[in-house]
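Please keep the viewer open as you read.

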Amino acid sequence: MSEYPKPDYNPLLARLLAIKAYDAISLIGYVAPNESEDRITLYPNLFELSKSFEFKHHDIIYQEEAPKSILPFGGFIFWLNKDSEVISRFIGKSENGGFVEKIHAGEETLKISLGRLSLTML
């Protein structure tokens, strides 16, 4: 018999195990205003707005408000179906001084350069 009391279980972990979220995709960040009712745009942090993720609302299997110690301004943690399409966006400076947006969706990457317009499937 141990001299230590048995620790309590983690309630969040219990909920995730109950819904069988073993291979779920998890994302953390701040929800952005979105023009589409069925999609969510999520920014991982407020200090670098050049990166974001987009996914369908119906792909969420669980969500929880993130602790203030991790995301101090009201962020969320989302668990998505393993087969969810998550679009990853990055906007940065291009070589010609304009902006470039890279969009990753599954196996495909689309690169859009703004300024002198160019569109490239990678």
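**Starting from a loop residue**

Leaving aside residues up to four places away in sequence, L71 touches I28, G29, Y30, P44, A66 and F76, where contact means heavy atoms within 4.5 Å. Before we go on, note that this is a predicted model, in which local features need pLDDT of at least 70, side-chain atom pairs count only at pLDDT 80 or more, and totals for chains, interfaces and linings use all residues. Residues are numbered from 1 along each chain as its sequence is written, and side-chain values use heavy atoms, with hydrogens and water left out.

So where does L71 sit? You will find L71 in the loop between strand 4 (60-65) and strand 5 (76-80); strands here are DSSP runs (E, at least two residues), numbered from the N terminus. L71 counts as buried because its relative accessibility is 6%, given that buried means under 20% relative accessible area, exposed over 50%, and partly exposed in between (1.4 Å probe, protein chains only).

Let's turn to the rings. The count comes to three aromatic pairs, where rings of Phe, Tyr and Trp (its six-membered ring) pair if their centres lie within 6.5 Å; planes under 30 degrees apart count as stacked, over 60 as edge-to-face and the rest as tilted. Why is the pair of Y62 and W79 called tilted? Their ring centres are 5.9 Å apart and their planes are at 50 degrees, so the pair is tilted. This pair links distant parts of the chain, with Y62 in strand 4 and W79 in strand 5, 17 residues apart. Both Y62 and W79 are buried. Elsewhere, F55, F76 and F78 form one aromatic cluster.

Now for the charged side chains. The whole structure holds six salt bridges, each a side-chain nitrogen of Lys or Arg within 4 Å of a carboxyl oxygen of Asp or Glu. In one of them, the side chains of R39 and E54 meet at 2.5 Å, N to O. That pair joins distant parts of the chain: R39 is in strand 2 (residues 39-43) and E54 in strand 3, 15 residues apart. R39 counts as buried because its relative accessibility is 15%, and E54 is buried too, at 14%.

E54 has another partner in R89, with the closest N and O atoms 3.1 Å apart. Here R89 comes from strand 6 (residues 87-93), 35 residues apart from E54 in strand 3. With 25% relative accessibility, R89 counts as partly exposed. Together, R39, E54 and R89 are linked in a network of salt bridges.

Finally, look at S52, found in strand 3 (residues 51-56). S52 is buried, with a relative accessible area of 6%. Beyond residues up to four places away in sequence, S52 touches T41, L42, Y43, P44, I87, S88 and R89.

Conventions. Helix = DSSP H or I, 4+ residues; strand = E, 2+ residues; numbered from the N terminus.
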